[in-house]
Amino acid sequence: MLDRVSTETVEAFDEETATRLMNEKSRLQQQLDNIADAEQRRENTKSRLDDIYTILDGIKNHPMEYDDQIVRQLLECIVVDSKEQVTVIFKGGLKSVQPLTE
């Protein structure tokens, strides 16, 4: 529309329509950008999960020993909520509420 405007057709140029179309184009471009960002995050997450699954498959048949030092590096704290439940808080903020069984 803007390419067709010349000195002979400037009188027929509808500025309101052009503004509306430009706003619509901007809105649609923003939506495309948001979709592309979401797709990139999804791909990054899939890649990380694939790496984790590969590591887990590699160690699933190898016995592991309990290592108190590793546990201390992973845990922020353990909160005793009641005699039936504790909350385990990992470094990074992840929380897991666990029931206690007798």
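Reader: What makes the contact between the side chains of E24 and R27 a salt bridge?

Author: In this predicted model, the N to O distance between the E24 and R27 side chains is 2.6 Å. The cut-off is 4 Å between a side-chain nitrogen of Lys or Arg and a carboxyl oxygen of Asp or Glu, so the pair qualifies.

Reader: How do you know that E24 and R27 are separated by about one helical turn?

Author: Both are in helix α1, three residues apart, which means a separation of about one turn.

Reader: Why is R27 called partly exposed?

Author: The relative accessibility of R27 is 41%.

Reader: What makes K46 and D50 a salt bridge?

Author: Their side chains meet at 3.1 Å, N to O, and the limit is 4 Å; therefore the pair counts. K46 and D50 lie four residues apart in helix α1.

Reader: Why is R72 called exposed, whereas D68 is called partly exposed?

Author: R72 has a relative accessible area of 61%, and exposed means over 50%, so R72 passes the cut-off. D68 has 34%, which lies between 20% and 50% and is therefore partly exposed. The two side chains form a salt bridge at 2.8 Å, N to O, within helix α2 (residues 68-74).

How values were computed
Residues numbered from 1 in each chain as written. Predicted model: local features only at pLDDT ≥ 70, side-chain atom pairs only at ≥ 80, totals over all residues. Heavy atoms only, no water. Helix = DSSP H or I, 4+ residues; strand = E, 2+ residues; numbered from the N terminus. Buried < 20%, exposed > 50% of the residue type's maximum accessible area, 1.4 Å probe, protein only.
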